[in-house]
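Please examine the sequence and the structure shown here before reading on.

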Amino acid sequence: MGKSLRGVQLTMEAFHYFPSSVYLVQKPEFLEVVNGVSEEALSKITHDVHEIYPMHNTDNYVGDPRLEGFCTYLWQSGWDILQSQGYDMTNVSVMVDAVWTQEHHKHSLMEQHVHGFGTQLVGFYFLETPENCSRAMFHDPRGGKVQINLPEADMSVATPASNTINFAPEPGMMLISNAWLPHSFGRHGSDQPIKFVHFNLSVRYNQTCAAPAAEVI
Ligand SMILES: [Fe+2]
């Protein structure tokens with residue numbers, strides 16, 4: 001904490017609750033196989049890039065057997081993240097529901113959104129990140145704070161006052177966050193597209209005993 005105008009240092013102890021976490025790891029070992037599957041999926045898109053929304057979304061390719069190692073890493077990481085956040089993960093499995101590629105061309109962006117429909121965690125795995133490419137952005141999910149927020153002293157520094165933080169992508173970088181954390185991408189400024197995988201993880205409670213069969217009368 002900085003000094004007040006009176007030069008008195010804040011001496012109160014601060015407790016930080018209700019955090020919004022973003023997890024980052026470099027996983028270049030998956031680039032070759034994921035790029036291969038991704039390019040195949042992109043090659044199936046035959047329509048031109050849209051003038052207003054210059055990006056392509058592939059179909060979900062989560063079932064591709066070549067991605068077994070990648071998807072195993074995703075669900076294991078997701079389980080570890082949720083447990084580390086304090087959730088009771090006893091008899092809980094993390095499922096990889098969707099893995100797909102987004103290819104954003106010049107001037108494209110991804111508007112701010114969250115993921116519903118049972119998704120617990122979301123993430124990105126970056127494949128191609130040309131110079132001046134979009135940045136991955138995460139936004140404060142607390143509507144009350146956003147409404148009354150004061151100007152920040154230095155917007156280039158992530159602080160408890162920040163409304164938005166961003167990450168400069170690079171190939172092999174993976175980001176994961178809770179699905180309730182709003183995210184977006186800034187406008188893409190390169191003539192070469194940025195390509196990344198977006199993925200959704202959900203949880204399932206393991207069945208510990210069989211339900212009795214319904215009695216047919
Ligand atoms: Fe998303």
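The paragraphs below turn to the sheet, the helices and the metal site.

This is a predicted model, in which local features need pLDDT of at least 70 and side-chain atom pairs count only at pLDDT 80 or more, while totals for chains, interfaces and linings use all residues. Residues are numbered from 1 along each chain as its sequence is written, and side-chain values use heavy atoms, with hydrogens and water left out.

Six strands form an open sheet in the order S1-S8-S5-S10-S3-S2, with antiparallel pairing; strands (E, at least two residues) and helices (H or I, at least four) are DSSP runs numbered from the N terminus, and two strands pair if DSSP finds at least two bridges between them. Strand S1 (22-26) and strand S2 (55-57) stand at the edges with a single partner strand each, so one side of each lacks a neighbour in the sheet. S5 and S10 pair over eight bridges in the antiparallel sense.

Helix H1 (residues 31-43) lies across S2, strand S3 (92-104), S5 and S10. Helix H2 (residues 68-84) packs on the sheet, touching S1, S3, S5, strand S8 (173-178) and S10, where contact means heavy atoms within 4.5 Å.

The iron ion has as protein donors His113 (NE2), His115 (NE2), His183 (NE2) and His198 (NE2), lying 2.1 Å from it; donors are N, O and S atoms within 2.8 Å of the metal (3.2 Å for Na, K and Ca), and water is not among the atoms, so sites may look incomplete. His115, in the loop between strand S4 (110-113) and strand S5 (119-128), and His198, in strand S10, are 83 residues apart and link distant parts of the chain. Both His115 and His198 are buried, meaning under 20% relative accessible area (1.4 Å probe, protein chains only).

Notes
Buried means under 20% relative accessible area, exposed over 50%, partly exposed in between (1.4 Å probe, protein chains only). Axes are lines fitted to C-alpha atoms, for helices over the stretch in contact, and angles run from 0 to 180 degrees between N-to-C directions.
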